[in-house]
Amino acid sequence: MTLHSCVDLLRVLDPCQSPAMWICMVYNETDTSVDFRLCRDFGLILSILSLIYLLVCFPLGLCYNVLLVVVNLSNKVSMTMPDVYFVNMAIAGLVLNLVAPVELLSSTFTRWHVWEYNNEVYITLLILFNISSLVIMYSTTLLSLDYYIERALPRTYMSSVYNTKHVCGFIWGGAVLTSFSSLLFYVCNHISTKMVECSKMQNKEAADSIMMFIGYVVPALAVLYAFVLILRIRKESTPLDQDSARLDPSIHRLLLASVCVQFVLWTPYYMTLLVHTVVVAPGYISSARYLPTYYFLRCVSKLLAFSSSFAMPLMYRQMNKNFSNKLQRLLRRLHCRDQSCPRERSTVQQVVT
């Protein structure tokens, strides 16, 4: 394989779709140059980071996401508008928890891989990943906008729990429709006829551009606009600030922290997606020596995106003071389900007498 053929291959494929060490094939097997050693070191670092994520972040994210969903759904009466959005993000985090081990245990991310997956599995994982990313980003965005509405117009139906649940349903539907281009790419791999029409739909750069614009640019602008409005409201002291129906002040810190963390973890992935669409795919990179660095950064950015599935519920657990009370009520109900509680027995006796 020549240097130019390797560059051409990278322009066609997603660099995180192929085995982790194929990129080092641009060098000779006996090559001892600095670039070759750097390429091998990148593969080793990526393998170690993947194993750390699987051993630490994956179980934490799985447990806390399940806990966040179960605790809030078991206390539906006490759920607030932010709780609905965080439950929505936790469900998307569970989808990421399903995708992460399949990718991180393959040769894409680690030298000590457990399995390989074909192109059909890759497209399926890509669709699930895109849907989860859209749900997480738009849930964060709408949480910011609804928080401003709640601050500006307390007791309004616009940011009610009932409406928020419907909005979250639309978020999932929109995420599925936005990922339709990847679904078309998947279907076309199984169609033997009408290949001309399918070849027109297999434009990965166009699909990446759509994901970049809809999945990152639009949410970023909306969050920026919401934060400007929120800061303007906070500077204006009004009698509504003493309204007991308003959200807890700790929600503001949780909102600010969640938005910052989400964009910090997802921005590198979308930036590498932009670089691949604008620079790599058109062929502006003509030297193969930059491919290992680009491949490493692309995969590390995806690893950071996976990390949002455990960072968000962990932060919600620590910063939401009502979560502990909800968890204690759930544990008490589970305990009382196994055996009658003293209060219940005394209540029954009073009713009988």
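Predicted model: local features only at pLDDT ≥ 70, side-chain atom pairs only at ≥ 80, totals over all residues.
1. Secondary structure. The chain holds twelve helices and zero strands. Read from the N terminus, its elements therefore follow the order α-α-α-α-α-α-α-α-α-α-α-α.

2. Burial and surface. The chain has 353 residues, of which 45% count as buried.

3. Sequence separation of contacts. Among contacts between residues at least 6 apart in sequence, 82% join residues at least 24 apart.

4. Geometry of the H3 and H10 pair. Helix H3 spans residues 81-104 and helix H10 spans residues 291-319; their axes come within 9 Å and cross at roughly 140 degrees. H3 is therefore oblique to H10, because angles count as roughly antiparallel only when over 145 degrees. The crossing of the two helices is left-handed.

5. Residues at the H3 and H10 contact. On the H3 side, the contact involves Asp83, Phe86, Gly93, Leu96, Asn97, Val99, Ala100, Glu103 and Leu104. These meet Lys302, Leu303, Ala305, Phe306, Ser308, Ser309, Met312 and Tyr316 of H10. By class, the contact comprises ten nonpolar, four polar and three charged residues.

Definitions and conventions. Residues numbered from 1 in each chain as written. Heavy atoms only, no water. Axes fitted to C-alpha atoms, helices over the stretch in contact; angles between N-to-C directions. Helix = DSSP H or I, 4+ residues; strand = E, 2+ residues; numbered from the N terminus. Parallel < 35°, antiparallel > 145°, perpendicular 65-115°, else oblique. Left-handed = near helix turned anticlockwise from the far one by under 90°. Contact = heavy atoms within 4.5 Å. Nonpolar A, V, L, I, M, F, W, Y, C, P; charged D, E, K, R; others polar. Buried < 20%, exposed > 50% of the residue type's maximum accessible area, 1.4 Å probe, protein only.
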